[in-house]
Amino acid sequence: PELATEWMAESYLLQSRRQLEDALSAARNAVAKSTNFSFAWARVAELEFSFGRIDAAKDAVERALELAPRNAQAVSLKGFLLAAQNKTKLAAAQFEQMYSRSAETIGRTNDAGSNWMMFGYYIKNNVGIAFQCFASGLAALEVVGGEVDEDVGCHVAILANNKQACQ
């Protein structure tokens with residue numbers, strides 16, 4: 001690949017083949033080719049998060065949001081990063097920001113309060129991403145012989161919006 005977008009496509013292809021380190025490397029190549037490519041920074045953040053590297057993921061997602069504050073993937077991922085740090089109130093506020101009536105939109109009015117199909121799509125997509133990241137983290141722990149801490153069940157419950165399970 002030569003273009004940043006080609007590196008992004010390569011990253012997704014490698015992920016589909018379960019070559020996650022290579023997928024991350026391809027995403028990093030995309031940001032090296034185009035340092036102002038918000039979607040590539042969000043991709044780096046997503047993959048860093050899948051390896052449990054919260055600080056690296058935070059840095060990349062902040063860069064993505066600096067470049068494109070309304071990048072939905074980055075906004076959503078920032079919420080998951082906050083949840084992973086047990087900053088649940090900030091995470092909830094981050095997710096709510098995506099559906100706020102005051103959120104800026106491009107090309108149409110924001111009917112997020114009444115657009116139930118879009119709301120359902122985002123929830124389905126975000127929960128899917130959360131569980132993929134969670135499963136990747138568990139697989140990584142198992143591969144390196146790590147131990148799963150006792151709060152893992154709580155984190156799953158938070159992602160499933162069952163806060164009572166954590167009390």
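**Rings, burial and confidence in a predicted model**

Author: In this predicted model, the ring rule gives a count of two aromatic pairs.

Reader: Why is the pair of Phe-37 and Phe-39 called edge-to-face?

Author: Start with the distance: the two ring centres are 6.4 Å apart, and a pair needs centres within 6.5 Å. Then the angle: the planes stand at 70°, and over 60 degrees counts as edge-to-face. So Phe-37 and Phe-39 make an edge-to-face pair.

Reader: What makes Phe-37 buried or exposed?

Author: Its relative accessibility does. Phe-37 has 19%, and buried means under 20%, so Phe-37 counts as buried.

Reader: And how is Phe-39 classed, and why?

Author: Phe-39 comes out at 46%. Exposed needs over 50%, and buried needs under 20%, so Phe-39 lands in between and is partly exposed.

Reader: What about Phe-80 and Phe-95: why do they count as a pair, and of which kind?

Author: Their ring centres are 5.0 Å apart, with the planes at 65°. That meets the limit of within 6.5 Å and the angle of over 60 degrees, so this pair is edge-to-face.

Reader: Which parts does that pair tie together?

Author: Phe-80 belongs to helix α5 (residues 72–84) and Phe-95 to helix α6 (residues 88–99), so the pair links parts 15 residues apart in sequence. Phe-80 is buried too, because its relative accessible area is 9% and the cut-off is under 20%.

Reader: How do you know whether Ser-38 is buried or exposed?

Author: Same test. Ser-38 has 6% relative accessibility, and under 20% means buried, so buried it is. Ser-38 sits in helix α3 (residues 38–50). Leaving out residues up to four places away in sequence, Ser-38 touches Ala-64, Leu-67, Ala-68 and Asn-71.

Reader: What lies over the face of Tyr-12?

Author: Arg-43 does, at 3.8 Å from the ring centre. The limit for a charge over a ring is within 6 Å, along with a condition on the angle.

Reader: How many helices and strands are there?

Author: The protein has eight helices and zero strands. Of its 167 residues, 29% count as buried.

Reader: Which helix has the lowest mean pLDDT, and which the highest?

Author: Helix α8 (residues 152–159) has the lowest, 47, while helix α2 (residues 20–33) has the highest, 96. Across the protein the mean is 76, and 59% of residues reach 70 or more. Over residues 155–167 the pLDDT is below 50. Where pLDDT is low, the predicted coordinates should not be read in detail.

Conventions: Residues are numbered from 1 along each chain as its sequence is written. This is a predicted model: local features need pLDDT of at least 70, side-chain atom pairs count only at pLDDT 80 or more; totals for chains, interfaces and linings use all residues. Side-chain values use heavy atoms; hydrogens and water are left out. Rings of Phe, Tyr and Trp (its six-membered ring) pair if their centres lie within 6.5 Å; planes under 30 degrees apart count as stacked, over 60 as edge-to-face and the rest as tilted. Buried means under 20% relative accessible area, exposed over 50%, partly exposed in between (1.4 Å probe, protein chains only). Helices (H or I, at least four residues) and strands (E, at least two) are DSSP runs, numbered from the N terminus. A charge sits over a ring if NZ of Lys or CZ of Arg is within 6 Å of the ring centre and within 35 degrees of the ring normal. pLDDT is the predictor's confidence in each residue, from 0 to 100. Contact means heavy atoms within 4.5 Å.
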